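Subject: Structure handover

Hello,

I am passing on the structure we spoke about, together with notes on what was found in it. Please look at it first and then read on.

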Protein chains: 2
Amino acid sequence: MGAYEYPLIIKQLLITPLRQCADQEIIYRDQKRFTYRQFGERLARLGSALQSLGIRHGDTVAVMDWDTHRYLECFFAVPMSGAVLQTVNIRLSVEQIVYTINHARADAILCNAEFAALLAAVRPLLSGVKKIVCLTDDGVVPSSVTWDGEYEALLAAGDPAHVFPDFDENTRATTFYTTGTTGNPKGVYYTHRQLVLHTLNGLAMLPFSDTDVYMPLTPMFHVHAWGNPYNATARGLKQVYPGRYQPEILVKLFVTERVTFSHCVPTILQMILAAAPDVDLRGWRLIIGGSALPRALAQAALARGIDVFAGYGMSETGPMATIALLPQHLRDGGETELTYRCRAGRPVGLVDVRILGTDGAELPHDGHSTGEIVARSPALTAGYAKNPDASATLWKGGWLHTGDIGTLDRDGYLHVLDRSKDVIKTGGEWISSLGLEDIILGNPGISECAVIGVEDARWGERPIAVVVAKPGAAVTEDEVKAMIRARAETGELSRYAVPDHVVFAESLEKTSVGKLDKKKMRVLYGAVKAA
Amino acid sequence: MGAYEYPLIIKQLLITPLRQCADQEIIYRDQKRFTYRQFGERLARLGSALQSLGIRHGDTVAVMDWDTHRYLECFFAVPMSGAVLQTVNIRLSVEQIVYTINHARADAILCNAEFAALLAAVRPLLSGVKKIVCLTDDGVVPSSVTWDGEYEALLAAGDPAHVFPDFDENTRATTFYTTGTTGNPKGVYYTHRQLVLHTLNGLAMLPFSDTDVYMPLTPMFHVHAWGNPYNATARGLKQVYPGRYQPEILVKLFVTERVTFSHCVPTILQMILAAAPDVDLRGWRLIIGGSALPRALAQAALARGIDVFAGYGMSETGPMATIALLPQHLRDGGETELTYRCRAGRPVGLVDVRILGTDGAELPHDGHSTGEIVARSPALTAGYAKNPDASATLWKGGWLHTGDIGTLDRDGYLHVLDRSKDVIKTGGEWISSLGLEDIILGNPGISECAVIGVEDARWGERPIAVVVAKPGAAVTEDEVKAMIRARAETGELSRYAVPDHVVFAESLEKTSVGKLDKKKMRVLYGAVKAA
């Protein structure tokens, strides 16, 4: 027996926190509190319970839950058992949920009782699923489904001394599905090695402190809540899991548990600001991702004391690619700082981000050469599950193609201009829909905005703005156009950027994860031009 | 062409600092300043120069230098070329230096002109060495050696656009020799993967800040200066390389460059305190390792404003194993804090430290069960070069055996009691020589101390203290014995711990890296007992 060949597997992330932070807390809503000591014991029990359910190395265990302490336990115990954790996006359509579970060939489902009716309805379609476990806050197990066990009862019967095995670090640990706006959801997947390196790289480069208190505000089914449950656990931080996102509960937990660190999409931030007009939000560090951080929203959050800044990544990138941490010289408290807070930031540690021209050649990092953002890191999906064509496109030339258009400047800051399919090509120029939205959202009477390109015989495409006015606000089409025209007159924008039409809508089309669904809007508003 | 299989190789550590911190500085003494931009270009030139010297993948390049910017360049460019960097311990005896260079089969030597006479003398013995390059501060190349080039001239002729290749992360990157007190020096070795993981794990768990300024005070030939040149570079920190350690230069650089972070053995700290009695040393964070941090020394450093604390590791462990970072509740400013600052601290991140009994079974983490300290981490040497027997002993049972005796408490703190060969076994009890030394050093009249066990027919061994009195101090044997006896009377120590003799010496025997050479002292003072 020679040197121990230390594999980078998820269980190794627990060595330090379980021994050194045994009294630290993991909290579920205002309902439950566990110490890391208890957490460690519950992981062992869960590992043993999975074994007794017949889960073997390489099997897939799907989880359908809100953001709970149970989910955190599954983040660890499922892959530590050698099984693959499928984090099911419970916001997908029923058809898509069935598709993803079957496509992943899930062997078992751990399902929150709240989704029992859904599960009962689709159970006959899930022919590969052999075991179903009920997750419940109150112990009430709905009778509509034939369960193979209830989570807490299984844990109670499990072995608290269960030992998780070593295995190859390239073993698959997790899978989940990303929904484009076309076709079926696509499965991405991550190995133990990738998740451990995502964690180490994140902790190495981000300013986590031992006294941080973490609460996710991006669902755990969405790219491992951006990896932060692994980060927070490895650092032994106090963690707060808020269950289903309800603004008043989120704000209450922030206050009572003194949360210092969260992350979310812009919509959630908007929701929180609106839900807590009188609450002191100072001390909350918030990374915004998933969509661009609108300048007006950032300003509103900063005014409330939130230390808000953007990050960038996607389901395929682990997700953490860049983050807008500002060095001292950019913290001027003014417009420059605001600009940088809203941009994507800089690549994190081992992440190698570049910009490629349409010919595939690398473009200079000069702040204006615009091309596709590509990346390499030790934590990117190796492809889409059972989809070699899409995988080959994703990894064309050995670089992961994000499908986003952007620039890099000489200090390494990435500026994401648009999704390549959302950029508006008009009269030979590229107009960033995100850029226009950011300007329009500066109008205090407008709460939401989407700029889309619609087909135009003469110019190829022309921009149209779809806006949602705030209740009682009197915003006009001319006023919105004038905002853009003013910027065009300073030379900041092309004069082709002024939208042909501004459509006032009650709400905007969104995808299952809350992003603007511009594909749907292009269909919906494509005819406006002709009107 | 599919997904890029991202290898953990040293060049990946440079992605972020070279792009994001291009204007940050690397400083050599009061002589030279480079930006990271220049550093990146010099690495490319060095890589190209190594190629033109005929260095190929798998070759070994030995470096003999003080702590210079050139050494930092070799830390990167040599392994990035696929070659193995041998960091030669220039404090070894000439015979040992020759032995280590030949044992490592070095193909080339990069040697500081200051060691030209030594090199000239032993050149005929270094039959495997094909190329010798001169490193010089002032451009003067000594004629005593037939050089194959001068470092700066080679760089000037090198290609600033040289691209370093990808290769397997398990490629060997570095090797160096550790001197026990018996036999020939033993070669340890590290792969790219190990060094990258040592860096990520260190950065993830230690409180580095972007505004830190780093200066090594542990030679770069000694376990990669504890890995910190890799840490500091990966984080894009300002770095200061002090050349040959001269107390007045070190203090001057601390002041002028506003150094915030260093690491050294206790002797260097003593030297600095003595050299700068009037300098404000606040703002200097100092990790002490290599030997135990004496309580009296820690107290003296704290009184001068240095944030001093211990770390623990060895040549075989990468080296970072534990570090005495204190959580808030241990920072009482008093005796408890002092105790914890002087202990080994807690394992860092992925490092798994345990205590084994003489039967090889794991002992409880209760703060008093005493046994051998063993470890696993992703950054431990896989063995000793070409020494299968010693390698098998090192890795007996799949754990790296440190040869140190210690305890772990329930909060994860490691207490290193002694080297297993230095612990004094008397009358069936184990006495920690380090513990006795720490008490004796509390005497203000004593500057250095070593406690050794000498053979005793009746008790097996008996402790003897060898002490160096401060100039002009009047310390007596009885006084020293009384200090120990007082602790024995409180029950803190065994009454067998009171040394039979206290020997006053002019100086203590030390090894090439400045540690107490107790083996030599046991021979030297073994007869005292009989006297």
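The model is a predicted one. I begin with a pair of helices in chain B. The axes of helix 2 (residues 36-52) of chain B and helix 3 (residues 69-80) of chain B come within 9 Å, and they cross at roughly 50 degrees. Helix 2 of chain B and helix 3 of chain B are therefore oblique to each other. The crossing of helix 2 of chain B past helix 3 of chain B is right-handed. From helix 2 of chain B, the contact uses Arg42(B), Leu43(B), Leu46(B), Gly47(B) and Leu50(B). Helix 3 of chain B contributes Glu73(B), Phe76(B), Ala77(B), Val78(B) and Met80(B). Sorted by class, the residues where helix 2 of chain B touches helix 3 of chain B are seven nonpolar, one polar and two charged.

Helix 10 (residues 247-257) of chain B packs with helix 11 (residues 266-275) of chain B at an angle of about 75 degrees, the axes being 9 Å apart. That angle falls within the range of 65 to 115 degrees, so helix 10 and helix 11 of chain B are roughly perpendicular to each other. Here Pro247(B), Glu248(B), Leu250(B) and Val251(B) of helix 10 of chain B meet Met271(B), Ile272(B) and Ala275(B) of helix 11 of chain B. This contact between helix 10 and helix 11 of chain B has six nonpolar residues, no polar ones and one charged.

Next, the sheets. Chain B has an open sheet of seven strands in the order 7-6-5-3-4-8-9, with mixed pairing. At its edges stand strand 7 (149-150) and strand 9 (186-191) of chain B; each has a single partner strand, so one side of each is left without a neighbour in the sheet. Strand 6 (residues 131-135) of chain B runs parallel to strand 7 of chain B, and two bridges join them. In strand 7 of chain B, Gly149(B) is the residue opposite Val133(B). Helix 7 of chain B lies across strand 8 (172-178) and strand 9 of chain B, at about 75 degrees to strand 9 of chain B.

In chain A, too, there is an open sheet of seven strands with mixed pairing, ordered 7-6-5-3-4-8-9. Its edges are strand 7 (149-150) and strand 9 (186-191) of chain A, each with a single partner strand, so one side of each is left without a neighbour in the sheet. Six bridges pair strand 8 (residues 172-178) of chain A with strand 9 of chain A in the antiparallel sense. Phe176(A) has Val188(A), in strand 9 of chain A, as its bridge partner.

Finally, the two chains together. Chain B is superposed on chain A by a rotation of 180 degrees with 0.0 Å of shift along its axis, at an RMSD of 0.0 Å. The two copies are thus related as by a two-fold rotation axis. Which residue of chain B comes closest to the rotation axis? Ala204(B) does, its C-alpha lying at 1.8 Å. Both copies use the same surface, since 100% of the contact residues of chain B recur in chain A.

The contact between the chains takes 34 residues from chain B and 34 residues from chain A. On the side of chain B that touches chain A, helix 1 (15-20), helix 7 (192-205) and strand 16 (346-347) of chain B are the elements giving two or more residues. That side of chain B has 17 nonpolar, 11 polar and six charged residues.

Regards

Terms used: Residues numbered from 1 in each chain as written. Chains lettered and ligands numbered in written order. Predicted model: local features only at pLDDT ≥ 70, side-chain atom pairs only at ≥ 80, totals over all residues. Contact = placed C-beta atoms within 7 Å. Helix = DSSP H or I, 4+ residues; strand = E, 2+ residues; numbered from the N terminus. Nonpolar A, V, L, I, M, F, W, Y, C, P; charged D, E, K, R; others polar. Pairing = 2+ DSSP bridges. Axes fitted to C-alpha atoms, helices over the stretch in contact; angles between N-to-C directions. Parallel < 35°, antiparallel > 145°, perpendicular 65-115°, else oblique. Left-handed = near helix turned anticlockwise from the far one by under 90°. Least-squares fit on C-alpha atoms with pLDDT ≥ 70 in both.
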